[in-house]
Amino acid sequence: MTLTIALSKGRIFEETVPLLAAAGIVPAEAPESSRKLIIGTNRPDVQLVIVRASDVPTYVQYGAADLGIAGRDVLIEHGGVGLYQPLDLNIAKCRMMVAVPEGFDYEDAVRHGARLKVATKYPQIAREHFAEKGVHVDIIKLYGSMELAPLVGLADAIVDLVSTGGTLKANKLTAVEHLLDISSRLIVNQAALKLKYPTIQPVLDAFAGAVPA
Ligand code: PRT
Ligand code: MG
């Protein structure tokens, strides 16, 4: 029985390589340099599929992949239907923040009940956050480069991921609220866990033993 693992290129792939190694799985190629979307491994029964970060839960939900690794941000937006989430891998860590242009008095705008335009790739997370605060917002869905939106008048604020803070700083934005701590999790198709238990369980155990502190 073949085990298929869905991964995205970039930081998640890089930080997953040591976890795969702990499970005795070594990719045959690096996705950054290969155009292949299915990558073999040293194990004939294990293959990797390379998909967009936000598509990983969908592949696993429908059983096109048995396992996957996805950020908590992506999992909340997806909703988690059909997914078993046994392990926080503590990789690809960052924070979900509200950010505004330097000099914009966010607290004052909130206190005065201003209606805010908020640009984000994470409408669910943003909507819930502002609803809890009782702040009226118009959510503007973007697919990337949220940092640009306040600079050109598309939005008053953004909800985005921050790790070093370098991108905010380079665009004269400042973080004003911390919504969530984000890391990536192992996700498993619920039916595959039962059907492929003897293959999957050792991989879960190896990952659990190799999670960075
Ligand atoms: O790139 P693509 O559109 O295909 O998808 P993606 O951007 O979701 O994928 P990728 O590989 O960039 O991110 C995958 C996962 O990594 C995300 O779902 C997060 O869980 C996690 N992660 C960790 C991050 C970051 N850190 C991060 N810093 N994802 C994105 N960023 C971006 C952020 O959006 C901002 O534009 O990096 C910029 C900020 O970084 P700093 O270091 O300047 O603060
Ligand atoms: Mg990206």
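This is a working chat about a predicted model.

Biologist: Let's start with helix H1. Which of its residues are buried?

Modeller: H1 covers residues 11–22, and its buried residues are Ile12, Phe13, Thr16, Leu19 and Leu20.

Biologist: Why do they line one face of the helix?

Modeller: Looking down the axis of H1, the buried residues fall within an arc of 115°, so they line one face.

Biologist: And which residues are exposed on the other side?

Modeller: Arg11 and Glu14 are exposed there.

Biologist: What follows H1?

Modeller: Gly24 follows H1, and the phi of Gly24 is positive, near 75°.

Biologist: Now the sheet. What is the strand order?

Modeller: The order is E2-E3-E1-E4-E11-E5, in an open sheet of six strands with mixed pairing.

Biologist: Which are the edge strands?

Modeller: Strand E2 (38–40) and strand E5 (83–88) are the edges, as each pairs on one side only.

Biologist: How much twist from one strand to the next? What is the average?

Modeller: The twist averages 30° from one strand to the next.

Biologist: Take E1 and E3. Parallel or antiparallel, and how many bridges?

Modeller: E1 and E3 run parallel, and five bridges join them. Within E3, Gln47 is the residue that Thr4 stands opposite.

Biologist: What holds strands together in general?

Modeller: Strands of a sheet pair through backbone hydrogen bonds, in either a parallel or an antiparallel arrangement.

Biologist: What lies over the face of Tyr143?

Modeller: Lys141 does, at 4.6 Å from the ring centre.

Biologist: Last one, Ala157. Where does it lie?

Modeller: Ala157 lies in strand E9, which spans residues 157–162.

Biologist: Buried or exposed, and why?

Modeller: Ala157 counts as buried because its relative accessibility is 0%, and the cut-off for buried is under 20%.

Biologist: Which residues is Ala157 in contact with, leaving aside neighbours within four places in sequence?

Modeller: Val98, Ala99 and Val100 are among them, and so are Lys117, Val118 and Ala119.

Biologist: And Pro101? How many residues apart are Ala157 and Pro101 in sequence, and what is the C-alpha to C-alpha distance?

Modeller: Ala157 and Pro101 are 56 residues apart in sequence, and in space they are 7.5 Å apart, C-alpha to C-alpha.

Conventions:
Residues numbered from 1 in each chain as written. Chains lettered and ligands numbered in written order. Predicted model: local features only at pLDDT ≥ 70, side-chain atom pairs only at ≥ 80, totals over all residues. Heavy atoms only, no water. Buried < 20%, exposed > 50% of the residue type's maximum accessible area, 1.4 Å probe, protein only. Helix = DSSP H or I, 4+ residues; strand = E, 2+ residues; numbered from the N terminus. Arc of directions from axis to C-beta. Pairing = 2+ DSSP bridges. Axes fitted to C-alpha atoms, helices over the stretch in contact; angles between N-to-C directions. Lys NZ or Arg CZ within 6 Å of the ring centre and 35° of its normal. Contact = heavy atoms within 4.5 Å.
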